[in-house]
Amino acid sequence: MNLPDPAVHVSAAVEVAADVLVIPNEHVGLVPNIGIIGGSEAVLVVDTGLGLANASEVLAFASEVARGRRVHLTTTHFHPEHAFGASAFGSYLVNRAQADDLRRKGPGYLEMFRGFGGAVAERLAGVEVPVPDLVFDGVHALDLGGRTVLLRPTGRGHTLGDQVVEVPDAAVLFTGDLAETGQFAIFPWFPPHDTDVSGLGWIDVLERLIASEPRIVVPGHGSVGGLAVLEDVRDYLRELRDETWRRRSAPDLAEVVAEVRAVLVERHPEWAGREWIEPGVGCLCSEHLSA
């Protein structure tokens with residue numbers, strides 16, 4: 001697999017609200033959008049990039065922004081490009097379900113990503129699954145000094161341990177991979193090894209996030225936008241569910257996948273990530289059977 005180097009470019013950082021910066025992924029695979037949120041006493045980094053070199057660059061940049069303020073880290077979920085640089089930081093906070101994901105599934109994902117070879121494997125050289133410094137239950141209100149940021153577990157969606165990061169005074173929401181722009185939703189549906197993703201749960205999560213009416217939405221990958229970022233993903237997941245369930249009586253899953261893929265690609269011909277349609281169909285077929 002010949003993937004481009006998933007390098008984080010801190011020089012591309014942009015301010016999306018007062019003392020809220022985003023290091024954009026620039027539409028490069030396995031590079032997340034990374035946030036830096038400042039208060040008068042501390043700074044919070046959201047996600048790390050893949051591996052220690054990326055994370056160290058992010059930490060150095062965040063430290064420059066902080067100008068002596070303490071630097072904390074949180075991650076939106078446990079997947080390697082979002083969390084597997086966390087050991088570069090000294091204060092890493094996550095919700096309990098995400099900490100469980102790291103412990104239970106982190107080693108397998110580390111080996112899977114190393115199996116991609118090339119620059120991805122190089123980025124993961126010497127990396128170990130990170131261990132959080134603080135694990136919390138429920139919503140964690142982090143006081144950065146004059147600004148409180150909410151670390152909110154969402155329940156099962158893209159993963160079991162999904163967490164959004166809310167900046168209430170600026171109406172900014174960091175979603176992780178619960179939302180992307182310009183691509184089909186990423187379904188980590190890898191039976192029998194990982195079947196924790198839930199298309200139905202994901203739709204419910206997005207409905208709740210839409211109801212909170214954020215002004216600025218920072219997706220896990222793709223362009224920063226407004227409420228439409230969430231609405232577009234929710235609408236796509238509904239399409240995927242409806243087109244899959246409409247064909248539930250078909251005897252062959254491959255036939256269902258082919259038909260659903262054709263319909264959705266025709267509707268969204270410009271979107272990347274067509275390989276994620278098939279696992280999405282598999283997930284929703286499973287959920288229909290268990291409903």
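This is a predicted model: local features need pLDDT of at least 70, side-chain atom pairs count only at pLDDT 80 or more; totals for chains, interfaces and linings use all residues.

Trainee: Why is phenylalanine 113 called buried?
Mentor: Buried means under 20% relative accessible area. Phenylalanine 113 has 7%, so it is buried.

Trainee: What makes the pair of phenylalanine 113 and phenylalanine 116 an aromatic pair, and what makes it tilted?
Mentor: Take the distance before the angle. The centres lie 5.0 Å apart, and the limit for a pair is within 6.5 Å. The planes make 45°. Under 30 degrees would be stacked and over 60 edge-to-face, so 45° counts as tilted.

Trainee: How many aromatic pairs does a search of the whole structure find?
Mentor: Nine. Phe113 and Phe116 also belong to one aromatic cluster, together with Phe78, Tyr109, Phe190 and Trp276.

Trainee: Why is the pair of phenylalanine 187 and tryptophan 202 called tilted?
Mentor: Their ring centres are 5.1 Å apart and their planes stand at 40°. That angle falls between the cut-offs of 30 and 60 degrees, so the pair is tilted.

Trainee: Which parts does this pair tie together?
Mentor: Phenylalanine 187 lies in the loop between strand E11 (172-180) and helix H5 (199-211), and tryptophan 202 lies in helix H5. The pair therefore ties together parts that are 15 residues apart in sequence.

Trainee: Are phenylalanine 187 and tryptophan 202 buried or exposed?
Mentor: Buried. Phenylalanine 187 has a relative accessible area of 0%, and tryptophan 202 has 0% too.

Trainee: Why does histidine 27 count as exposed?
Mentor: Its relative accessibility is 59%. Exposed means over 50%, so histidine 27 qualifies. Histidine 27 sits in the loop between strand E2 (20-23) and strand E3 (34-38).

Trainee: What is phi of histidine 27?
Mentor: Near 60°, a positive value in a residue other than glycine. Most residues other than glycine have a negative phi.

Trainee: Where is aspartate 47, and is it buried or exposed?
Mentor: Aspartate 47 is in the loop between strand E4 (42-46) and helix H1 (51-66). Its phi is positive, about 75°. With a relative accessible area of 2%, under the 20% limit, aspartate 47 is buried.

Trainee: How do you know that the radius of gyration agrees with a compact globule?
Mentor: Compare two values. With 291 residues, a compact globule would have a radius near 19 Å. The protein chain has 18 Å, so the two agree.

Technical notes: Residues are numbered from 1 along each chain as its sequence is written. Side-chain values use heavy atoms; hydrogens and water are left out. Rings of Phe, Tyr and Trp (its six-membered ring) pair if their centres lie within 6.5 Å; planes under 30 degrees apart count as stacked, over 60 as edge-to-face and the rest as tilted. Buried means under 20% relative accessible area, exposed over 50%, partly exposed in between (1.4 Å probe, protein chains only). Helices (H or I, at least four residues) and strands (E, at least two) are DSSP runs, numbered from the N terminus. The radius of gyration is taken over C-alpha atoms; the globule rule is 2.2 Å times the number of residues to the power 0.38.
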